[in-house]
Amino acid sequence: MPFPGGLWWLLCCRQGFTLLRRDYGETDREADGEAEEEASFELRAQGDQGSLEVSLSQPTRSSSGSERSLLVAEEMRSLIVEKGPGPVEDDPDVLVKGWLQREVRGGVRTPWIRPRKYWFVLTPDSLDYYSSNEKGARRLGSLVLTSLCSVLWPNKQTYKETGYWSVTVFGRKHCYRLYTEHLNEAVRWVCAVQKVIDSKVPVQTPTQLLMRDVEEHCGSPEVLEQIYRCNPILRYTSSPLYAPLLPFPYGSLDQSAPAPRSYTTLRDEAVKLFNSLQQLESERDPVPLMQGVLQTCLDLPPLVDEIYCQLVKQTTEPPVAGGPGDLHYWQLLTCMSCTFLPSPPVLRFLHFHLDRTESRFPTSEMAKYACFIREALGKTKGRECVPSLEEILVLMRRQEMICTVHCPGAPACSVAISSHTTAEEVAQELVSRLGLSQSPNIFALYEQSRRREQLVGSTTLLADVLTRFENLAGEEQDPPCRLCFKHYGFLDTENVPRDSLEFSLLFEQAHEMVLRGYVPTSEETLQTLAALRLQSLNSDFSSRAPFPRLEELFPPHVLHARLPAPHRQPPNKCRGTRLRAGLLAGGLWGQALAKQRAERDQRLRGRLREEGASTMAAILEKWKLLQGMGRPEAMAAYLALVREWPGFGSTLFDVDLRMVRPQLGRDGAGDRGRGAALMPLSLQSPVGDSPQRLWLGIGAKAVSLYKPGEPEPLDSFGYSCISSFGASDSSTFRLSVEDRDLLFETSQVDEIARLLHTYLASAGVRRPPQPQEPATSPPDPTVPPRGLCPTAGPWQHQPPVGSFHS
């Protein structure tokens with residue numbers, strides 16, 4: 001039933017009045033209810049000096065309205081200069097003034113409604129806005145500017161959505177979102193507001209002031225007891241916390257920074273963390289909650305000092321000292337001390353708290369935790385991951401973890417580690433335990449799984465590696481990982497005694513290279529290597545001997561290369577043909593295609609089984625010919641066949657050759673006469689956008705470039721020919737060889753540079769850096785200790801973690 005005309009007129013008028021009231025009628029409410037409130041218990045200026053007896057209690061919300069308004073009035077009186085009824089044109093305190101929009105209603109620009117503008121005035125104390133720029137105009141609102149305020153720069157996304165450039169100013173109680181049509185005007189306001197914020201004296205919370213008083217009077221026990229007795233904010237509380245103990249800037253977090261979880265403001269997260277701490281007292285299994293608190297601190301580093309202060313507060317004069325709830329706080333404090341290092345003021349306050357606890361309860365569990373925490377703080381340097389569940393359980397008992405390291409060709413080793421043990425320390429202990437101290441070769445730890453192998457940096461904490469293993473254990477797509485002790489650099493592979501453990505390590509590592517296809521040789525040789533492997537495992541041929549799988553003896557990619565390549569039809573360029581093919585892909589025709597695809601895959605699997613059976617039969621025949629050969633002889637024969645490839649003993653990296661460019665001399669031209677005999681025709685810059693896939697082999701004497709699958713190198717460069725090397729960016733490695741620059745695309749830039757530095761140091765080669773790129777030249781080499789993976793070079797900010805033969 002259609003509405004009568006009078007009703008339509010009434011609805012339109014009502015909607016119009018709603019729009020007018022939305023833009024013009026809210027001024028009174030904003031003027032009455034918008035005033036910047038600063039809690040008197042929370043902030044104090046740095047220059048204010050109070051008496052020793054501060055007497056600050058835990059902030060609560062039970063105060064009456066008259067008391068709270070009185071406190072706010074006193075605080076506002078100390079922060080804001082009294083102003084007249086309207087803006088004064090010749091006021092010397094006015095920094096910036098102009099017309100701005102307070103809000104953009106509706107989210108999009110509506111041309112039929114005139115935007116409501118206000119007259120904004122920025123002074124050294126506040127940001128005020130008035131109804132007009134005339135003298136005597138009413139002030140509608142004021143935002144007090146302190147050192148904790150923040151301002152956001154104009155956002156291009158907001159401009160695309162609304163047609164206005166935004167300026168957001170965060171205060172303690174309010175947030176001003178201002179808009180203007182001009183970018184230069186928005187930038188001018190942002191710079192002016194930020195300058196005012198930077199000029200403010202840093203504010204301090206009562207906790208910070210009391211920390212300073214405690215530090216000043218640490219030698220007077222009577223004064224300290226008076227401070228703790230008169231200030232409940234330093235002691236345990238069962239009430240919730242409504243404000244953080246330390247000052248945090250107002251406003252939301254940086255949304256552009258990637259974060260695994262969604263967080264609110266730092267102030268809100270600090271209050272939430274205190275609520276989580278209070279839950280620890282009644283938790284039966286506090287480990288997951290502790291790990292969640294640690295993860296929040298890792299994601300939001302500014303909260304580390306706050307959690308330390310909250311834990312010190314909750315462990316000071318608890319209701320039951322040494323009870324289950326109190327020990328949970330101490331256990332979390334232990335985990336914090338092994339993961340994060342607080343700032344110097346908080347660290348000094350924490351050390352005082354530990355000394356005070358040990359002096360008051362010398363033989364208690366709390367004193368034992370305090371001693372453990374003090375020792376941990378002296379070793380902690382920062383973590384990449386939070387402690388694993390197993391590590392938290394160990395730290396709660398103040399014990400060490402047991403780490404299992406697998407050694408190819410030798411039994412696994414169990415090593416006791418702490419939260420501060422590095423990979424270099426474990427490698428040094430294994431080198432000493434396995435009797436490899438006299439070996440000239442270099443050893444290191446690797447993260448190893450069936451799909452990948454990754455070097456562990458020398459300064460990497462093994463506790464972080466174990467945490468990554470725990471995180472990957474729940475992911476089905478990635479098989480379980482383990483730590484493996486292997487060769488890192490080969491300085492001498494010829495003079496390794498056959499009866500030594502290093503010979504077994506060398507044999508196992510050579511076999512891994514064969515299985516991964518990094519030893520290009522004939523298929524006949526690969527079958528002989530597989531037979532020698534069986535002879536070393538099971539001695540002479542026997543039908544009852546344990547038989548490994550074929551992929552553990554023979555490279556799987558060789559069998560897959562025998563299969564016929566799938567027939568691929570050229571793509572249809574006609575739009576009608578593609579449309580008909582897309583329509584036929586569904587329904588019965590799609591089912592027929594899926595059936596054909598399944599039959600084809602089944603035929604390929606059958607063909608693969610046949611090829612595997614024939615290969616296994618050939619391997620068995622060769623195994624029978626090795627009758628009477630001992631295990632050491634079989635291993636020696638295996639290594640002798642592998643050594644026939646000139647690249648054995650080099651660490652191989654999969655790289656993409658992006659460019660070969662001549663170095664520019666003083667006259668701007670390359671030295672073509674000297675470089676003509678250096679670079680073969682096969683090693684030129686790739687044609688088109690696709691780079692050339694190569695193997696970069698780094699050995700003890702030279703750096704070689706191989707085409708995958710070919711035994712002979714494309715070219716080889718001695719270390720005396722390398723003038724400089726380094727990273728052009730995060731995925732590009734540059735190698736300067738006399739008058740040419742080779743640019744490689746790889747994800748292993750840091751590891752390549754580190755290995756080159758190792759071999760340069762062992763060879764005692766030093767080349768001066770090039771004038772045009774001094775930052776990427778090799779540093780002054782020093783001879784590394786034998787048997788250890790060397791530390792990172794001085795050009796690296798942290799030890800790299802890359803792939804080995806991956």
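Helices (H or I, at least four residues) and strands (E, at least two) are DSSP runs, numbered from the N terminus. The protein chain has 24 helices and 21 strands. The structure is a predicted model, in which local features need pLDDT of at least 70 and side-chain atom pairs count only at pLDDT 80 or more, while totals for chains, interfaces and linings use all residues. Residues are numbered from 1 along each chain as its sequence is written, and side-chain values use heavy atoms, with hydrogens and water left out.

Confidence is given by pLDDT, the predictor's score for each residue from 0 to 100. The mean pLDDT of the protein chain is 78. A value of 70 or more is reached by 73% of its residues. Residues 665-682 have a pLDDT below 50. In the model this stretch makes 23 contacts (heavy atoms within 4.5 Å) beyond near neighbours in sequence. The pLDDT is also below 50 over residues 767-806, a stretch with 114 contacts beyond near neighbours in sequence.

A residue is buried under 20% relative accessible area, exposed over 50%, and partly exposed in between (1.4 Å probe, protein chains only). Of the 806 residues in the protein chain, 48% count as buried. The chain exposes about 41,500 Å², and carbon and sulfur atoms supply 53% of that area. Accessible areas come from the Shrake-Rupley method with a 1.4 Å probe; for residues, only the protein chains shown count as cover. Among contacts between residues at least 6 apart in sequence, 71% join residues at least 24 apart.

Leu122 lies in strand E3 (residues 117-122). Leu122 has a relative accessible area of 0%, so it counts as buried. Val96 is 26 residues away in sequence, yet the two C-alpha atoms are 5.2 Å apart. Beyond four places in sequence, the contacts of Leu122 include Asp93, Val96, Leu145, Trp189 and Val196.

The nonpolar cores come next. A nonpolar core is a set of buried Ala, Val, Leu, Ile, Met, Phe, Trp, Tyr and Cys residues joined through side-chain atoms within 4.5 Å. The largest has 57 residues. Leu294, Tyr308, Leu311, Trp330, Leu332 and Met336 touch the most other members. Leaving aside neighbours within four places in sequence, Leu311 contacts Leu277, Tyr329, Leu332, Leu333 and Met336.

The largest pocket has a volume of about 910 Å³. Its lining holds 27 residues, with Ser449, Arg450, Glu512, Leu515 and Arg516 nearest the centre. Lining residues have an atom within 4 Å of a point. H17 gives the most, with four residues.

Backbone angles complete the description. Most residues other than glycine have a negative phi. Glu317, which is not a glycine, has a positive phi of about 50°. Glu317 sits in the loop between helix H10 (303-314) and helix H11 (324-337). Its relative accessibility is 35%, so Glu317 counts as partly exposed. Ser539 also has a positive phi, near 65°. Ser539 lies in the loop between H18 and helix H19 (556-562). With a relative accessible area of 39%, Ser539 is partly exposed.

Key:
On a 1 Å grid over the protein atoms alone, a cavity is a set of points where a 1.4 Å probe fits but cannot get out, and a pocket is an open set with protein on both sides within 12 Å along at least five of seven lines; lining residues have an atom within 4 Å of a point. Grid points are joined across faces, edges and corners, and a volume is the space filled by probe spheres set on the points.
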